[in-house]
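Here is a short briefing to read alongside the sequence and the coordinates.

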Amino acid sequence: MNTEIGISEANRNAVALELSKLLADEFLLYTKTRNAHWNVEGPDFHSMHLFFEAQYTQLAEVVDSVAERIRTLGHYAPATLAEFLRLTHLTEKSNQDNTSAGFTKELLADHEGIIIFIRQNINVFATKYEDAGTSDFITGLMEQHEKLAWMLRAHL
Ligand SMILES: [Fe+2]
């Protein structure tokens, strides 16, 4: 069934490709935040264990919303770990530093990278690809990442 929502197929393809990269980034960041939740060590273990859980819980919702936005545009969402690793801008570092500061710095850098990627696409989606809906959607996601990044930054 065709997706007839007033956006050309070429433009929907272009937006879905960028969203697929974003989905991969979100999935890696979700996994990296679970790593922090599981493996953090130090005198602040308990509070940081819970803090990272709150962050990955929100990221799980973000992952779902990005995948469903791709489906809304008439595309299938990438949904294998191999595809996520191929598409992502992030790197899976094996963290040698299991302190809360070590994890926090790395996660913060990833959030900031995602914020910059989203910000670069807000106007592109709205003007070049004439997709105001996805532009609005990623603007909301950017605000969520800005808040998550603030909370990480406030620990450093
Ligand atoms: Fe847990």
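Two residues are in contact here if their C-beta atoms, placed from the backbone, lie within 7 Å. With that in hand, among contacts in the chain between residues at least 6 apart in sequence, 74% join residues at least 24 apart. Please keep in mind that this is a predicted model.

**Overall picture**

- The chain has 5 helices and 0 strands, and reading along the sequence gives the pattern α-α-α-α-α.
- The radius of gyration of the chain is 17 Å, close to the 15 Å from the globule rule for 156 residues, so the chain is as compact as a globular protein of that length.
- Along the principal axes, the C-alpha atoms of the chain fill a box of roughly 55 × 30 × 20 Å.
- Of the 156 residues in the chain, 32% count as buried.

**Helix 1 with helix 2**

- Helix 1 covers residues 9-39 and helix 2 covers residues 45-72; the two pack at an angle of about 160°, and their axes are 9 Å apart.
- Angles over 145 degrees count as roughly antiparallel, and that is why helix 1 is described as roughly antiparallel to helix 2.
- The crossing of helix 1 past helix 2 is left-handed.
- Sorted by class, the contact of helix 1 with helix 2 has 17 nonpolar, 5 polar and 4 charged residues.

**Helix 4 with helix 5**

- Helix 4 (residues 100-128) and helix 5 (residues 132-153) have axes that come within 9 Å and cross at roughly 160°.
- Helix 4 and helix 5 are therefore roughly antiparallel to each other.
- Helix 4 passes helix 5 with a left-handed crossing.
- The contact of helix 4 with helix 5 has 15 nonpolar, 7 polar and 4 charged residues by class.

**Helix 2 with helix 5**

- For helix 2 and helix 5, the packing angle is about 170° and the axes are 12 Å apart.
- This angle makes helix 2 roughly antiparallel to helix 5.
- Helix 2, too, goes past helix 5 in a left-handed crossing.
- By class, the contact of helix 2 with helix 5 has 4 nonpolar, 4 polar and 1 charged residues.

- Lys105 is part of helix 4.
- Is Lys105 buried or partly exposed? A residue is buried if 20 or more other C-beta atoms lie within 10 Å of its own, exposed if 12 or fewer, and partly exposed in between; Lys105 has 16 such atoms within 10 Å, so Lys105 is partly exposed.
- Lys105 and His155 are 50 residues apart along the chain, and their C-alpha atoms are separated by 9.3 Å.
- Glu130 sits in the loop between helix 4 and helix 5.
- With 14 other C-beta atoms within 10 Å, Glu130 is partly exposed.

Key: Residues numbered from 1 in each chain as written. Predicted model: local features only at pLDDT ≥ 70, side-chain atom pairs only at ≥ 80, totals over all residues. Axes fitted to C-alpha atoms, helices over the stretch in contact; angles between N-to-C directions. Helix = DSSP H or I, 4+ residues; strand = E, 2+ residues; numbered from the N terminus. Parallel < 35°, antiparallel > 145°, perpendicular 65-115°, else oblique. Left-handed = near helix turned anticlockwise from the far one by under 90°. Nonpolar A, V, L, I, M, F, W, Y, C, P; charged D, E, K, R; others polar. Rg over C-alpha atoms; globule rule 2.2 N^0.38 Å.
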